[in-house]
Amino acid sequence: MRRYSDVVTTGRVGEERDRAVFEYALLRVVPRLERGECVNAGVIVYCQERRFLAARSALDEVRLLAVDPEVDVAGVRRALEAVEVMCRGGAGAGAAGRERPGQRFRWLTAPRSTIVQPGPIHGGLTEDPEVEVVRLLDRLVR
């Protein structure tokens, strides 16, 4: 008997692929909270079944500086790198790095009023969460 998370989908007739449910959220840079303008700068992907949590970023400095010429670009880069470290877990991520991937994902995607903010959580099916991170980064950020 298959579990809900062991979703099997059918592609072309007779073609069957195992896919896992995943969730993702964009990382947005909001340099001036009062204006509400944002620049997509990264993505977080979580797949419970595969015990996978990762974030990747690609900051477009030209676009960000067009929104706010006075933004602290180095600070934004540090914040994005901190999200990637938190996703990797371990000692480098501090106390939260010892939490399970799902707990870290929920913490990272909780709404907040900071310069780097998570967008809404979306879901999908994937054969490979690592490939999904790159695909979403290319499609939604770059």
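**Exercise 1. Which residues have the most contacts inside the largest nonpolar core, and which element supplies the largest share of this core?**

Start with the core itself: in this predicted model, the largest nonpolar core has 21 residues. Ile44, Leu59 and Val76 have the most contacts inside it. Next, look at the suppliers. Strand S3 (20-29), strand S4 (39-47), strand S5 (52-57), H2 and H3 each give at least two residues to this core. H2 provides the largest share, 6 residues. Finally, look beyond this core. Another core, of 13 residues, lies apart from it and includes Val43, Phe52, Ala54 and Val133.

**Exercise 2. Which residues is Val76 in contact with, leaving aside its neighbours within four places in sequence?**

The contacts of Val76 are then Val29, Leu59, Leu64, Val71, Ile115 and Val116.

**Exercise 3. Are helices H2 and H3 roughly parallel or roughly antiparallel?**

Take the axes of H2 (residues 73-88) and H3 (residues 101-108). They come within 9 Å and cross at roughly 160°. Angles over 145 degrees count as roughly antiparallel. H2 and H3 are therefore roughly antiparallel to each other. Now find the contact. H2 uses Val83, Met86, Cys87 and Arg88, while H3 uses Arg104, Trp107 and Leu108. Sort these residues: 5 are nonpolar, none polar and 2 charged.

**Exercise 4. Where does Asp128 lie, and what is its relative accessible area?**

Locate Asp128 in the loop between strand S6 (116-126) and helix H4 (129-140). Its relative accessible area is 35%. Buried means under 20% and exposed means over 50%, so Asp128 is partly exposed. Last, compare chain and space. Asp128 and Phe22 are 106 residues apart along the chain, with their C-alpha atoms separated by 9.7 Å.

Terms used
Residues numbered from 1 in each chain as written. Predicted model: local features only at pLDDT ≥ 70, side-chain atom pairs only at ≥ 80, totals over all residues. Heavy atoms only, no water. Axes fitted to C-alpha atoms, helices over the stretch in contact; angles between N-to-C directions. Helix = DSSP H or I, 4+ residues; strand = E, 2+ residues; numbered from the N terminus. Parallel < 35°, antiparallel > 145°, perpendicular 65-115°, else oblique. Contact = heavy atoms within 4.5 Å. Nonpolar A, V, L, I, M, F, W, Y, C, P; charged D, E, K, R; others polar. Buried < 20%, exposed > 50% of the residue type's maximum accessible area, 1.4 Å probe, protein only. Core = buried A, V, L, I, M, F, W, Y, C linked by side-chain atoms within 4.5 Å.
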